[in-house]
Structure formats: C-alpha cells, structure tokens
Amino acid sequence: MDWASLPLEVLEAIFRQLNFKDLLRCALVCRSWNRALFECPSLAHRVVFLFDAAHTDQLRQLIPMSERNYRQLAIGLTVPWNEDIKDCFDQAVQQWNLRFVSLVGEPDKVSDCLLSNMPFFGALTELNLEFTLTRAWPEWTEIQKVELSQLRKMHYLQVYTGANQMNTLYHFVLPKVEQVSLVLDSLANEEAMYWEDPLIELSGCELLRSLEVDLNGTMWEQFFAIHKPYMERLVIRRAIDEYQNRDWDLEFSKMPNLRYVEFTFVNNEMLASLNRKCRKIEKLLINGFCLDDGNFSSSMQFPLLKNLHMDGWLNGSLFSNELSLTLDKTEDLVWKYVELAPAQGAFTLVSPNVKRLTLRGCEYARFELDIGNRLESLDMDYYGTQLVAPNFLNRLGHLKHLILHISGRSALLAPKLCHLRHVKRLEVVCCTESYGYDCSALFESICNNLTELEEFILRNEHENPLMLDYKRYRKLCQLTQLKVLNLQYITIYNVTGTTELKHVPNLNVWGCSTSTAECDAPFRSSLMEVES
C-alpha cells in the first residue's frame, strides 16, 4: 500500500486520534502527510507557530524555509512594535494561510500591532488577545474603535498585576462574531478581579451564539442591552452582587434560545428567571449556589433538561419547602456537596431516565433517589456521616460502571453489593483518612458478588496503610472474566502461600507490599504472586 496516496478524509480520521507530538512526527513522513495536516482545518488548528518578537533575526530566515502552511500564529510582544517585527509579520502573512492569531503582551504593544495591521486583522476569523502587565497601566486619552468585520471567534484574557483601576482602551465592533470569551484574572489581589474594569468593550454582536464572561459592577451594560436571539451557550464564570441582583427576567428574555448554561454561583432570582424565560435549556451546570427561598423544585422545571450538574464544594446551601424534584428527561446527573435542608422529612430526587450519575458529599439520611432501570454508570462516595447504605442500591441491576470512594466505615456497604452483579468495571478509591483501615470485608463482597467484572481498580490515595487479608485477596480467582487488575499502595497481611492470576492479561501493581510474621515478600507483578 502506498501510504502517501491515502485520501485526505482517511488521513484526517487517523490523525484525529493522535496527540500533538505524534502529529508533528507524521508531518515529517512525506509531503502528502504534511499537506494533509496543515491544510485540513480540523487538524491545523492544533498546531501553532509561536512568533517571539525579540528574535526577528532567526524568524526572518526560518519563515521562507518552512514548507508548512500554518493557520495559527501566536505573537509574543515582549518588545515594542517596530519595522523589524512588522517585516517578519508580513512574511508570515504572505507565506501562510493564517486564520487565527494570538497577541500576547502589554496593552500598548498589542495596540500598536493591531492598529498597524488593520487590513489583515479586519479579514481575520479568529483572534486571541492576552493583555499582561507588571507595572502601572498606561493612561489612554481616547478609546480606539476597531471594526473586525469577518471575525467569528474571539478570546480575551486580561491578566492584571497592578494595583490601580484602568480605563477602556478598545471598542470592538464585531458584526459577525459567534463565539466570545472574556476573562479577567488578577495576580495582585484576590478581590481585585471583582472590581477590575476590562480594557475592551463590545458592540455589534447580534449573531452571538456562545459567550463566556466574568461580570463585575461596571462592565457590559451596552453589551447586555443587545437582543441575542441566536445565543445557545452562556458561561458566567463569576459575578459580584451588583450583577446577581439585577433584573434577570429582562436579561434572559433577550436569550430565549439558550441550551447550555453554566454559572459560578447562582442565587434564587437568577435560577427562577432562567426557568421562566429560557425553556430550551438542555445542560445546566451550577458551581456554587445559595438557594434559600424554598422554591428550588419550582425553579428547576426545565422540560428539555438532559444534563444537570450541581456542585456546592465552595458554597452549596439549598433549602426546599417542596419535598421532591422530578427530572424526567435527565440522562446525566451530578449532585456534589449539596447542603440540602428539606422543610421536613426527606427530599426525594426522581430521575427515571438517568444513565450516568455522580453522587458525592451527600447526607443520605435526608436525601433519597428514585431512579429507573437505565443507570449505566455511577460515581459515589460512602464515608463520613453516611451510616446507612443509599436506598437506591437495590435498583442498580443494569449498572455497568461503578466508582466507589470509600473510608473505614465502608464495610457497611458490603451487604448491598449483591444487587450489582452485572458491573463490568469497578474502581474503588480509598480517600484521605487520619488512620489506616482494613478493606477485607468489602473486598470479599466484591469478589463474591461482582462475578462479571472485567476491570477492577483498587487505589489507596492516603499515606496511611490500606490493609487486605490474604485469604480475601485469593478470592480474585473467582473473577474468571477479569481482564484488567490494578492495585495501588495496598498492604496484604497474613500471607501463607502463593496465588497466581494467570487468567488476567493486564496486571498493574504499584506500591503494594505484604505483611507476615515470618517474612515480607514483595509482589511478583508478572504472575501476580504473593510468596511466603
């Protein structure tokens, strides 16, 4: 077979499976592979030529010699813009079919680069601006208006390391933009990110489909006034009180076609307004929330919701007067560290069609799950205050993939594993404890009940010993369908003989040891033997 003559579609399908370094190696094989990599848009976007403005001598020689048709160019503006840099930049523009440019540097240097090359940037489809500064921000006498008529995608990152508030530098007019990401980051003061002003403002974004934004008290008023009928994706990374308490009914009424929404902290008004005005939501991610008006269930009635992610790791308080929530269409459900306080009794979450479930940091005493028989994957913890097994374990007859995060009290879970006989992949993670503990009872229950296991991972993530009785370890021979076994940092005690697991083709033992009164023999990983 002549590999150089493979059709572009075939090469594209193959190259998509490779990592970045392997892609570059493939580009050196022959001209046809090189051409396929740098002319196919879906592949070329992964390769960027980095332009360091401080080394123009090397660049002037390198660019004409390159046989690659780069589509992405990153310019590090470490020195002021000058004719020497512009000459190298012009060579790159003439040599390659550039579609995406990233400008990284201090605002005045980036400004000079933009304004000196407006014909090129005006025809660009993707632009990345990263403003960095380690001294006081410069004083700008007037706002620069920049119209990028062909731009479809823009990413803006502002890294602020000073101590003074700044003024707007650019007004971007983007009539065709579809994706915008506006991120503020402060390295000087953790609180500064909440009052810091951006150096840019936007207009003409009527075709916008995706927006990721940080919101503070003074930005984006004109932008929010725009009706956004095509908007499908909204990510609010953080918002101070002024934005959390604004008229969200009005804001969300301008985005009636939202399908993907992600909030970093949400309050009662934001969630209720989203439910009233955006009825096409399919994916909702909430990282941090304070929902204390008792109307949580009423505010979660999204008729098309397929993916719900509730993570209260930083702040996750939830009070509910209603005692149940039904999610009929939801297939992916993440419920993590939710401090749930029902008005009385227990709160029941009903999700009859869920297929993938993550349940972490929950108090099962006042929380129940009512699920159907479609669950395929479960990631759950069982330790701390959870003194009884979750009530839904006896309904998991169709479960295929299980991840368990356990502690010393997880032996209480062992009797419930008889309901999980069809699990194919099991991962048990022993999390941080102030003391070591014995997992023998749980291990024995796994070997006795999960007889269809094909992959078994037991991982100890804390520095204290995780103990396993050798008699229970030998029960691995019962798992005749096992293809992958991975044990990490386990101590097997009471070793009295040798156990071979030759039927397991993929064995991985890392940091394991044995403990007996007579000897301390290590694992022999090739045969998975423990010898006395």
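Q: What makes about 40 Å³ the volume of the largest cavity?
A: A cavity is a set of points, on a 1 Å grid over the protein atoms alone, where a 1.4 Å probe fits but cannot get out. Points are joined across faces, edges and corners, and the volume is the space filled by probe spheres set on them. For the largest cavity, that space is about 40 Å³. The model is predicted: local features need pLDDT of at least 70, side-chain atom pairs count only at pLDDT 80 or more, and totals for chains, interfaces and linings use all residues. Residues are numbered from 1 along each chain as its sequence is written, and side-chain values use heavy atoms, with hydrogens and water left out.

Q: Which residues line the largest cavity?
A: Lining residues have an atom within 4 Å of a cavity point. Here they are N268, L271, L291, D293, N295, F296 and S299. Two or more residues each come from α12 (268-277), β13 (283-294) and α13 (296-299). Helices (H or I, at least four residues) and strands (E, at least two) are DSSP runs, numbered from the N terminus.

Q: What is the lining of the second largest cavity by class?
A: Ala, Val, Leu, Ile, Met, Phe, Trp, Tyr, Cys and Pro count as nonpolar, Asp, Glu, Lys and Arg as charged, and the others, Gly among them, as polar. The lining is I406, V428, C439, L442, F443, I446, F456 and L458. That gives eight nonpolar, no polar and no charged residues. By contrast, the lining of the largest cavity has three nonpolar, three polar and one charged.

Q: Why is helix α14 called largely enclosed?
A: Buried means under 20% relative accessible area (exposed is over 50%, partly exposed in between; 1.4 Å probe, protein chains only). Seven of the 10 residues of α14 (residues 440-449) are buried, so the rest of the structure largely encloses this helix. Among them are L442, F443 and I446. α14 also gives the largest share of the second cavity's lining, three residues.

Q: How do you know that β18 and β20 pair?
A: Two strands pair if DSSP finds at least two bridges between them. β18 (residues 347-351) and β20 have five, in the parallel sense. One of the bridges joins V350 to D370 in β20.

Q: What makes β15 and β20 edge strands?
A: The open parallel sheet has the order β15-β18-β20. β15 (324-326) and β20 (367-371) each pair on one side only.

Technical notes: 1 Å grid on protein atoms, 1.4 Å probe; cavity = no way out; pocket = protein on both sides within 12 Å on 5 of 7 lines; lining within 4 Å.
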